Amino acid sequence: MDLDVFVSAHRAEWDRLDALLRRRRRLTGAEADELVSLYQRTATHLSLIQSSAPDPQLTGRLSQLVARARSAVTGTRRASWRDVTRFLLEGFPAAVYRARHWWVPTALVSTLVAVLLGWWIGTHPEVQATIAAPGELRQLTRPGGEYETYYSSHPAAAFAAQVWTNNAQAAAMCLVLGVFLGLPVLWILFQNMLNLGVGIGLMSSAGRLDTFLGLVLPHGLLELTAVFVAAGTGLRLGWTLIDPGPRTRRTALAEEGRSAVGMAIGLALVLFVSGAIEGFVTPSGLPTWARIGIGIVAELSFLAYVYVLGGRAARAGETGDLAATERSASVPMAA
């Protein structure tokens, strides 16, 4: 492409579009139609220049012009309660449902790793010795020891807020760091499973595994599910870098990245529920069966939310991404 000839041929159209965008008065019907037509043609011109003869100065000017025209054509839009409702009932559960082929295997493998670590630690005293001194281990595992008092060591509200903050940060890190080929996600996930495995191993070696599970399961079912969803989504984001599929790598990362941001918001709400259970239910005086029952109900409610509402929304075409009108404009490029 001869860039000078191309600019000379289309400069008048760009100047006319700029003039229409600067109009103070309301455009007539004919002028509005002209603005839309010029916007579409200028967007195509920008795409051709970017693919055939990129020029930073000209690309910058046309990018600004196209962005202004798009804003004028589509209008500004403010978030409303309808958007919140759509996100909670369609966008977020659909995104989790679509990622199930990643987070369900992640959950199964991670749980297996935690169980194997717990068995290894619980059946090998020499491994336990590397964790802490015998007296410290007894302090951890004895009736009324640190494993039990941990959940009631702070006021319930403050403890729930602290747990929620820590877990939300871990989930966000899984989602954000997934772009680094998923390797940081695997490390974060392993650290969580190691902590769980240590608890299982030490308490089982002390003959108090039932007590440990009675303390962990009420909040842990929902909490770990949220972590697994975040980790699976992060791993999927990392895999997008390797295999973007039929999309360009840039488009694939943009779509999956926007979905991951929405996922972070939704998972923060899920972890708020698990944090509330950990702060108020786990250390409560309720019978063990009642506390575990509450945890099971919370977990089954979340799974039903994902597979019923999310599955229905996903089959209807919902992806968890922004609506088409809210995304950056994209124009087909020549092969």
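Mentor: Happy to. One definition before we start: the expected span of a helix is 1.5 Å times one less than its number of residues. Keep in mind, too, that this is a predicted model.

Trainee: Okay, so how many residues does helix H13 have, and how far does it reach?
Mentor: Helix H13 (residues 288-315) has 28 residues and reaches 39 Å from its first C-alpha to its last, close to the expected 40 Å.

Trainee: Where is Leu181?
Mentor: Leu181 is in the loop between helix H9 (156-177) and helix H10 (183-205). With a relative accessible area of 49%, Leu181 is partly exposed.

Trainee: Switching to salt bridges. How many are there in the whole structure?
Mentor: A search of the whole structure finds eight. One of them joins the side chains of Asp15 and Arg61, at 2.9 Å from N to O. That pair links distant parts of the chain, with Asp15 in helix H1 and Arg61 in helix H3 (residues 56-74), 46 residues apart.

Trainee: Which residue does Arg16 meet in a salt bridge?
Mentor: Arg16 meets Glu34, again through the side chains, at 2.9 Å from N to O. Arg16 lies in helix H1 and Glu34 in helix H2, so this pair ties together parts that are 18 residues apart in sequence. Arg16 is partly exposed at 27% relative accessible area, and Glu34 is partly exposed at 28%.

Trainee: What about Asp18, how is that one linked?
Mentor: Asp18 belongs to a network of salt bridges with Arg22 and Arg68.

Trainee: And which residue does Glu148 form a salt bridge with?
Mentor: Glu148 forms one with Arg208, and their closest N and O atoms are 2.3 Å apart. Since Glu148 lies in helix H8 and Arg208 in the loop between H10 and H11, the pair ties together parts 60 residues apart in sequence.

Trainee: Is Arg208 buried or exposed?
Mentor: Buried: the relative accessible area of Arg208 is 13%, and the cut-off for buried is under 20%. Glu148, by contrast, is partly exposed at 25%.

Trainee: On to aromatics. How many pairs turn up?
Mentor: Seven aromatic pairs, from a search of the whole structure. Among them is an edge-to-face pair of Tyr147 and Phe212, 5.7 Å centre to centre with 85 degrees between the planes. Tyr147 is in helix H8 (residues 146-149) and Phe212 in helix H11 (residues 209-242), 65 residues apart. Tyr147 is buried at 18% relative accessible area, and Phe212 is buried at 6%.

Trainee: Which residues form the aromatic cluster?
Mentor: Phe87, Phe92, Phe302 and Tyr305 form one cluster. There's also a ring with a charge over it: the charged end of Arg100 sits over the ring of Tyr97, 3.9 Å from its centre.

Trainee: Last topic, the surface. Which residues form the nonpolar patch?
Mentor: Trp81, Val84, Leu88, Leu89 and Leu269, with about 510 Å² of accessible area together. Helix H4 (residues 81-98) gives the most to the patch, with four residues.

Trainee: Why does Trp81 count as exposed?
Mentor: Because its relative accessibility is 71%, and exposed means over 50%. Trp81 is in helix H4.

Notes
Residues are numbered from 1 along each chain as its sequence is written. This is a predicted model: local features need pLDDT of at least 70, side-chain atom pairs count only at pLDDT 80 or more; totals for chains, interfaces and linings use all residues. Side-chain values use heavy atoms; hydrogens and water are left out. Patches are made of residues with over 30% relative accessible area and no salt bridge: like charges are joined within 9 Å, nonpolar side chains (Val, Leu, Ile, Met, Phe, Trp, Tyr) within 5 Å. Accessible areas come from the Shrake-Rupley method with a 1.4 Å probe; for residues, only the protein chains shown count as cover. A salt bridge is a side-chain nitrogen of Lys or Arg within 4 Å of a carboxyl oxygen of Asp or Glu. Helices (H or I, at least four residues) and strands (E, at least two) are DSSP runs, numbered from the N terminus. Buried means under 20% relative accessible area, exposed over 50%, partly exposed in between (1.4 Å probe, protein chains only). Rings of Phe, Tyr and Trp (its six-membered ring) pair if their centres lie within 6.5 Å; planes under 30 degrees apart count as stacked, over 60 as edge-to-face and the rest as tilted. A charge sits over a ring if NZ of Lys or CZ of Arg is within 6 Å of the ring centre and within 35 degrees of the ring normal.
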